[in-house]
Amino acid sequence: MPANKFRKRAAYLCALAMAFATVDLGIAGKTLAQEVIDRIAARVENDIILLSDVRQLGRYQFLVDGKSEIEPQLLDRLIDQWVVQNEADASQFPKPSDAEIEQSLTALKKSFSSPEQYEARKKQSGLNDLQVRDKVATQLYLTNYLDSRFRPTVQVDAKAIEDFYNSAVLPRAKARGQAPPTLEASREIIQEALIQESIDAQADQWLKESRARIHVQRLLNEGTK
């Protein structure tokens with residue numbers, strides 16, 4: 001998967017990697033962790049989301065994309081992943097294997113220009129190897145669940161693939177002064193891109209409907225700095 005495509009996909013999905021993240025007092029210094037560990041950002045049904053969870057999600061977003069959303073947006077991501085986590089757990093959806101986790105970790109590292117760049121960004125984020133692996137594993141679990149839920153309903157016909165080829169692939173190649181790949185050579189990649197686009201759209205709609213059915217009390221702005 002090209003680096004820019006992985007980054008775009010990861011940026012959208014990285015919120016799903018942080019559901020009920022365990023606070024590690026070592027990642028940001030003991031004083032900061034003690035300051036935020038018991039501060040509640042939101043109550044979702046009978047569960048809570050801590051401010052430390054919100055800030056840790058920001059660190060993971062920074063690792064993946066070099067930037068993070070503001071805290072209210074991060075909290076929205078965590079509420080969404082609460083919905084997905086509960087649905088996945090209730091259905092007894094299988095956890096990813098070690099091999100799958102390692103494959104995702106490798107893809108994340110390869111999205112950087114060099115191993116050194118990855119290590120530098122990881123150091124800036126404040127996450128260690130174990131924490132990154134945990135977030136990647138959670139992301140994989142939740143995105144796999146969404147894929148299994150919505151992929152079976154997706155249908156991509158030949159015309160949609162041809163339209164995408166003509167409207168996106170050809171103009172992009174022309175703009176870069178490159179010879180475009182043939183339609184047949186591009187068919188499988190285009191089909192998967194359109195499938196992922198449909199999965200994202202269905203997941204967005206499902207999450208919107210699900211949020212309307214759950215009780216959420218947002219406390220992020222009460223006593224935060």
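Which exposed residues does the face of α6 turned away from its buried side carry? The model is predicted: local features need pLDDT of at least 70, side-chain atom pairs count only at pLDDT 80 or more, and totals for chains, interfaces and linings use all residues. Residues are numbered from 1 along each chain as its sequence is written, and side-chain values use heavy atoms, with hydrogens and water left out.

**View 1. Overall layout of the protein.** The protein has nine helices and three strands. Both kinds of element are DSSP runs numbered from the N terminus, helices being H or I with at least four residues and strands E with at least two. Their order from the N terminus is α-α-β-β-α-α-α-α-α-α-α-β. Buried residues make up 38% of the 225 in the protein; buried means under 20% relative accessible area, exposed over 50% and partly exposed in between, with a 1.4 Å probe and protein chains only. Among contacts with a separation of 6 or more, 78% come from residues 24 or more positions apart, a contact being heavy atoms within 4.5 Å.

**View 2. The open sheet β2-β1-β3.** Three strands form this sheet, and their pairing is antiparallel. Two strands pair if DSSP finds at least two bridges between them. The edge strands β2 and β3 each pair on one side only. On average, neighbouring strands are turned by 20° against each other, direction ignored. Strand β1 (residues 40–44) is joined to β2 (residues 47–50) by four bridges, and Ile40 stands opposite Leu50 in β2. The hairpin of β1 and β2 has two residues between the strands, and Glu45 in the turn has a positive phi of about 55°. Three bridges join β1 to β3 (residues 216–218). Across that pairing, Arg43 has Gln217 as its bridge partner, while Val44 has Val216.

**View 3. Helices on the sheet.** Helix α3 (residues 51–65) packs on the sheet and touches β1 and β2, with its direction at about 55° to that of β2. Helix α4 (residues 71–90) lies across β1, β2 and β3 and runs at about 160° to β3. Axes are lines fitted to C-alpha atoms, for helices over the stretch in contact, and angles run from 0 to 180 degrees between N-to-C directions.

View 4. Within α6 (residues 115–125), the residues Tyr118, Arg121, Lys122 and Ser125 are buried. They lie on the same side of α6 because they cover an arc of only 100° around the axis; the arc is that of the directions from the helix axis to the C-beta atoms. An α-helix has 3.6 residues a turn, so residues three or four places apart point the same way. The face turned away from the buried side carries the exposed residues Glu116, Lys123 and Gln124. Just after α6, Gly126 takes a positive phi of about 85°.

**View 5. Packing of α5 with α7.** Helix α5 (residues 98–110) and helix α7 (residues 129–150) have axes 9 Å apart and pack at an angle of about 110°. That makes α5 roughly perpendicular to α7; angles under 35 degrees count as roughly parallel, over 145 as roughly antiparallel, 65 to 115 as roughly perpendicular and the rest as oblique. From α5, residues including Ile101, Leu105 and Leu108 take part, and α7 contributes residues including Val132, Val136 and Leu140. The contact residues divide into seven nonpolar, two polar and four charged. Ala, Val, Leu, Ile, Met, Phe, Trp, Tyr, Cys and Pro count as nonpolar, Asp, Glu, Lys and Arg as charged, and the others, Gly among them, as polar.

**View 6. Packing of α8 with α9.** The axes of α8 (residues 158–175) and α9 (residues 183–211) cross at roughly 105° and come within 9 Å. That makes α8 roughly perpendicular to α9. Residues of α8 in the contact include Ile161, Phe164 and Tyr165, and those of α9 include Leu183, Ile190 and Leu194. Nine nonpolar, two polar and two charged residues form the contact of α8 with α9.

**View 7. Packing of α7 with α9.** These helices pack at an angle of about 95°, and their axes are 10 Å apart. That makes α7 roughly perpendicular to α9. Tyr145, Leu146, Asp147, Arg149 and Phe150 of α7 meet Gln196, Ile199, Gln202, Ala203 and Trp206 of α9. By class, the contact has six nonpolar, two polar and two charged residues.
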